[in-house]
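Dear colleague,

Please find below the structure that I am handing over to you. My findings follow directly after it.

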There are 2 protein chains.
Amino acid sequence: MVKVNENFLKLPGSYLFSEVARRIRVYQEAHPEAEIIKLSIGDVTRPLVPEVVAAMHAAVDEMGTAEGFHGYGPEQGYEFLREAIAQGDYAARGVDIQPNEIFVSDGAKSDCGNIGDIFGVDNVVAVCDPVYPVYVDTNAMAGRAGEYQEELGKWNRLVYMPCVEENGFSPQPPEEIPDIIYLCSPNNPTGAVLTKDQLKVWVDYANAHGAVILYDSAYEAFITSGDVPHTIFEVEGARTCAIEFRSFSKTAGFTGNRCAYTVVPMELERGGAKLNTMWNRRQCTKFNGVPYVVQRGAAAIYTPEGRAQIMANIDYYRENARVIREGLTAAGLECFGGVDAPYIWLKTPDGVGSWDFFDQVLDRANVATTPGAGFGPSGEGYIRLTAFGDAQATRTAVERVANMFR
Amino acid sequence: MVKVNENFLKLPGSYLFSEVARRIRVYQEAHPEAEIIKLSIGDVTRPLVPEVVAAMHAAVDEMGTAEGFHGYGPEQGYEFLREAIAQGDYAARGVDIQPNEIFVSDGAKSDCGNIGDIFGVDNVVAVCDPVYPVYVDTNAMAGRAGEYQEELGKWNRLVYMPCVEENGFSPQPPEEIPDIIYLCSPNNPTGAVLTKDQLKVWVDYANAHGAVILYDSAYEAFITSGDVPHTIFEVEGARTCAIEFRSFSKTAGFTGNRCAYTVVPMELERGGAKLNTMWNRRQCTKFNGVPYVVQRGAAAIYTPEGRAQIMANIDYYRENARVIREGLTAAGLECFGGVDAPYIWLKTPDGVGSWDFFDQVLDRANVATTPGAGFGPSGEGYIRLTAFGDAQATRTAVERVANMFR
């Protein structure tokens, strides 16, 4: 008789975004006239830029000819894209990452989950609190999280690093030394960033203890502050302790195009095993590469025109972030993030609970948000707002929320 | 200190196709004038058909407009594609599969590996011998295969089901009752198929023992024989014991486009858990859907024009299979498969070893093949030939091999 993976059965039922969607649906049904603006979901809305569209059309045409057809590609990604990434995202910043350290994939979400395959089950995993749920759920599925404690909203084998107002939403090295440390900067959901000095502390800590940092840098394109590294490999010592996850989703509006990459440096070894070799084996065995057409589209953002076009979109979203941050601050609310990140982390007024404030904003301003408590216990008392919407709708949403406090 | 997944370190080093590629390269360097024809790799060569190309162009255009842009899609695939699959691949054959039982993915290889996530580590897994290496390697990585025994070419916890001439290359229910059974029909590498009656034996066996059949049907489009089911769900009882893997790779030349799907019926439960719910949770947590443009391309093969165009390509490959099978049989060689499958399983003459015969054919006919021994111990004494090449090159290759025996 087949035994199912019992760890799946321990996962708490409802997923944050499903519950948000359900509440919006229920409200809309009861108030069909309400024009709800969603500042809740972290999905982009600007179309693919012309250079990407042109590159994808050209690739589709190639695929329709005998000479230009591409069948199975390299599992790690085409050389043209790995080279472009190595040059454009690393060499251009003075960071030496070689193409054979880059693994192109269908998404940072997939990679952040799948990376667990190369690690043993008995590692201690540290996550920020609040946190992007994928890190937690994938480790729970693999048996690294232990048991879920409903009353605490925590798993008993995970180490939680509170990111709260008192520490500037910056995780601190925990007392119990973890083996695997997830860091995300610019952060989802808080919009906080790690400076080079802060990141150096983590790199030294990981190297000292033989830990591995899983560094999610999906929102890198939003960084404007000079002291915030765009890649963990700007920090000395990172090549012996870090794996970096990057994505075209937010950088180039690829959420519906599915392309990302993971960097595993050659020097990264544990127990005598090269993690680059292990990840390569994992990808070659359980993955078969990203569509040729999509890889051509991704490569197009490394041309000067492509670069200018995607940065115009990023600027559009940045302006939304500014509008949200400044508008709500002016209304007397306390906002964090939103400078180097597309996320604004709003403190609920008067200690109102996340879900209660979510309901109030939905009801009184017809604006959908994401309750901070859904990202972990330390997210209680906050809601997350995203800058990925339409500019006019974002302004309207901010006015409506501000009006609640006039 | 991080502990790596020790199971990875047990995997034997060289991968079959890398070794084949290496030997070809070495030969080509020593004989630069040789025009080597590859009947070795299972990759398609015909371009994408016009209906698919048109649908992908239209979708790329949509993605370039604010109104037509598609961000994150459903992790399970768009409804338009799941509906088309349910209708075109199942209802059209009188089989009731609902869209919510279909999970669109980036490849059958990914799914065949990732499906292991929902099963416990302590299940006993049965595989055919010879076998598509992905089933074995992914289970080895997950710790279900035990230890690799170099001298036997086998893992000590896997149950091997020999598929040899004596049993018509058809696996027989093993004495030790497994929990998970991988079946592949039409088979890679032998080109053998399971008839409806043969499959019924397996379905009854799995239901009787609470086992789950993982049914790889990636080569379904090649079936011509009336008694060979196109889906395991044509067999009564399969809905309570089987998961089916299907792919657009060979059906529609999508090896470079990356699209496949997995069917998990609602009735399939083990230990009180619904496998459909578990796979849904797995995909929602560790996967983020297939590119919109690719899904539009896949949906285009369910139009009458699309269907006619892809079947013309399949007919092209089928003719190659016939040319190989009949040409080599006429030369006095013994061939299996190649009727309902793109693979021909050639018995080496005079009991020559697989790798030796590979070298002989490469040297004397300048034709690249795949040694059967690379697929498992029972593949010794065979080589695999594929029908996916250019028609003229395939005819030339067959003549050259035939000439070795004149």
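I begin with a strand pair in chain A of this predicted model. Strands S14(A) and S17 (residues 382-386) of chain A are joined by 5 bridges and pair in the antiparallel sense. Within this pair, A:Tyr343 has A:Thr386 of S17(A) as its bridge partner. Both strands belong to an open sheet of 4 strands in chain A, whose order is S13-S14-S17-S16 and whose pairing is antiparallel. Its edges are formed by S13 and strand S16 (370-371) of chain A, each of which pairs on one side only.

Two helices lie across this sheet. H11(A) lies across S13, S14 and S17 of chain A, and runs at about 15 degrees to S14(A). Helix H12 (residues 354-365) of chain A lies across S16 and S17 of chain A, and its angle to S17(A) is about 50 degrees.

As to the domains, chain A is divided into domain 1, which comprises 6-47 + 305-403, and domain 2, which comprises 52-303. The C-alpha centres of these two domains of chain A are 24 Å apart. Their contact involves 34 residues from domain 1 of chain A and 43 residues from domain 2 of chain A. On the side of domain 1 that touches domain 2, the elements of chain A that give two or more residues are helix H1 (6-9), helix H11 (304-330), strand S13 (334-337) and strand S14 (343-347). H11(A) provides the largest share of that side, with 7 residues. Sorted by class, the side of domain 1 of chain A that touches domain 2 has 16 nonpolar, 10 polar and 8 charged residues.

How do the axes of H3(A) and helix H3 (residues 50-63) of chain B cross? They come within 10 Å and cross at roughly 175 degrees. The two helices, H3(A) and H3(B), are therefore roughly antiparallel to each other. In this contact, A:Val53, A:Met56, A:His57, A:Val60 and A:Met63 of H3(A) meet B:Val53, B:Met56, B:His57, B:Val60 and B:Met63 of H3(B). The contact of H3(A) with H3(B) has 8 nonpolar, 2 polar and no charged residues.

Finally, I note a strand in chain B. Strand S3 (residues 125-129) of chain B is mostly covered, with 5 of its 5 residues buried. From S3(B), B:Val125, B:Val127 and B:Asp129 point one way, while B:Ala126 and B:Cys128 point the other way, and all are buried. S3(B) pairs in the parallel sense with strand S7 (residues 180-184) of chain B over 2 bridges, and B:Ile180 in S7(B) is the bridge partner of B:Val125. S3(B) also runs parallel to strand S6 (residues 159-162) of chain B, to which 4 bridges join it. There, B:Asp129 stands opposite B:Pro162 in S6(B).

Yours sincerely

Conventions. Residues numbered from 1 in each chain as written. Chains lettered and ligands numbered in written order. Predicted model: local features only at pLDDT ≥ 70, side-chain atom pairs only at ≥ 80, totals over all residues. Domains from an automatic or database assignment. Contact = placed C-beta atoms within 7 Å. Nonpolar A, V, L, I, M, F, W, Y, C, P; charged D, E, K, R; others polar. Buried ≥ 20, exposed ≤ 12 C-beta atoms within 10 Å, placed from the backbone. Pairing = 2+ DSSP bridges. Axes fitted to C-alpha atoms, helices over the stretch in contact; angles between N-to-C directions. Parallel < 35°, antiparallel > 145°, perpendicular 65-115°, else oblique.
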